[in-house]
Amino acid sequence: MSPTLQLLLLLLLLLLTLLASTALSHLPSSSVTTATSPSIYDWQSARATYYAASDPRDAVGGACGYGDLVKAGYGMATVGLSEPLFERGQICGACFELRCVDDMRWCIPGTSIIVTATNFCAPNYGFTADGGGHCNPPNKHLVLPIEAFEKIAIWKAGNMPVQYRRIKCRKEGGIRFTIDGSSIFISVLITNVAGVGDIVSVKIKGSRTGWLPMGRNWGQNWHVSADLKNQPLSFEVTSSDGLTVTSYNVAPKAWNFGQTFEGKQFP
């Protein structure tokens with residue numbers, strides 16, 4: 001092979017290598033980009049309706065077990081949540097900010113309300129999710145007392161588009177522990193929780209026991225089977241953001257069922 005032909009072949013090989021390199025540089029990157037999940041503190045879309053209490057007793061009870069909402073410190077600044085939001089009761093005690101959006105005929109501009117999750121809005125499978133079953137899955141729906149609803153929208157609005165987001169709860173005083181039960185069955189209702197507001201685990205300790213994990217009975221009612229009479233009681237409470245508050249000797253040795261005691265508070 002002549003030197004001239006060898007040179008031509010070498011130049012051709014260099015040209016092909018350059019073209020291949022350029023083509024590869026324009027191929028999509030093999031790295032995977034993952035979508036970022038929205039924070040619970042970001043605004044999200046839902047719908048809201050209201051109820052009008054026809055009897056003062058309507059302010060008592062609820063799926064979170066708080067009893068009389070006024071005595072428990074929640075008043076009418078409360079909300080019931082549909083199944084996708086209720087999280088089987090773990091969300092009880094969490095605080096939300098709500099604002100009316102989209103329908104300016106009924107929205108009160110520039111307003112928002114802060115409410116605490118105290119109840120569950122049960123599905124009604126006699127209707128479809130978009131045909132009257134407001135709280136049917138997968139709907140994100142919030143039910144407010146009319147007193148709260150009218151702070152952000154005119155009552156004629158009915159089923160309103162809203163935005164909601166989690167916010168930190170601000171409470172006066174410490175976490176409250178209401179002790180109920182009988183004999184060796186201890187039930188404790190936990191209220192007035194600041195920070196994220198919702199509780200994921202609770203432990204109780206007598207002066208003659210170690211720390212005993214409590215089970216969630218329903219809402220924010222927690223229970224344990226143990227003989228804790230005639231012992232001062234301490235509580236360890238962990239919220240959904242992983243923070244733990246320990247309150248030592250909250251209840252004195254002579255505590256009785258039906259009494260409420262106040263411990264430390266989340267920041």
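The largest nonpolar core of this predicted model comprises 32 residues, and those with the most contacts inside it are Leu 81, Phe 96, Leu 98, Leu 142, Leu 144 and Met 160. A second, separate core of 24 residues includes Ile 175, Val 188, Ile 204 and Val 224. An open sheet of eight strands, with antiparallel pairing, is also present.

**Largest core**
- Two or more residues each are given to this core by β1 (44-51), β2 (78-81), α2 (83-86), β3 (95-100), β4 (113-120), β5 (141-145), α3 (146-149) and β6 (160-167).
- Beyond residues up to four places away in sequence, Leu 81 touches Phe 86, Ile 91, Phe 96, Ala 117, Asn 119, Phe 120, Cys 121, His 141 and Leu 142.

**Eight-stranded sheet**
- The strand order is β13-β12-β9-β10-β11-β8-β7-β14.
- At the edges stand β13 (244-251) and β14 (260-262); each has a single partner strand, so one side of each lacks a neighbour in the sheet.
- On average, neighbouring strands of this sheet are turned by 30° against each other, direction ignored.

**Strand β8 and its partners**
- Six of the seven residues of β8 are buried, so this strand is largely enclosed by the rest of the structure.
- Strand β8 (residues 185-191) pairs with β11 (residues 221-225) in the antiparallel sense over five bridges.
- Within this pairing, Leu 189 has Asn 221 of β11 as its bridge partner, and Phe 185 has Ser 225.
- Strand β7 (residues 176-182) runs antiparallel to β8 and is joined to it by seven bridges, with Arg 176 opposite Thr 191 of β8.
- β7 and β8 form a hairpin with two residues between them, and Ser 183 in the turn has a positive phi of about 55°.

How values were computed
Residues numbered from 1 in each chain as written. Predicted model: local features only at pLDDT ≥ 70, side-chain atom pairs only at ≥ 80, totals over all residues. Heavy atoms only, no water. Core = buried A, V, L, I, M, F, W, Y, C linked by side-chain atoms within 4.5 Å. Buried < 20%, exposed > 50% of the residue type's maximum accessible area, 1.4 Å probe, protein only. Helix = DSSP H or I, 4+ residues; strand = E, 2+ residues; numbered from the N terminus. Contact = heavy atoms within 4.5 Å. Pairing = 2+ DSSP bridges. Axes fitted to C-alpha atoms, helices over the stretch in contact; angles between N-to-C directions.
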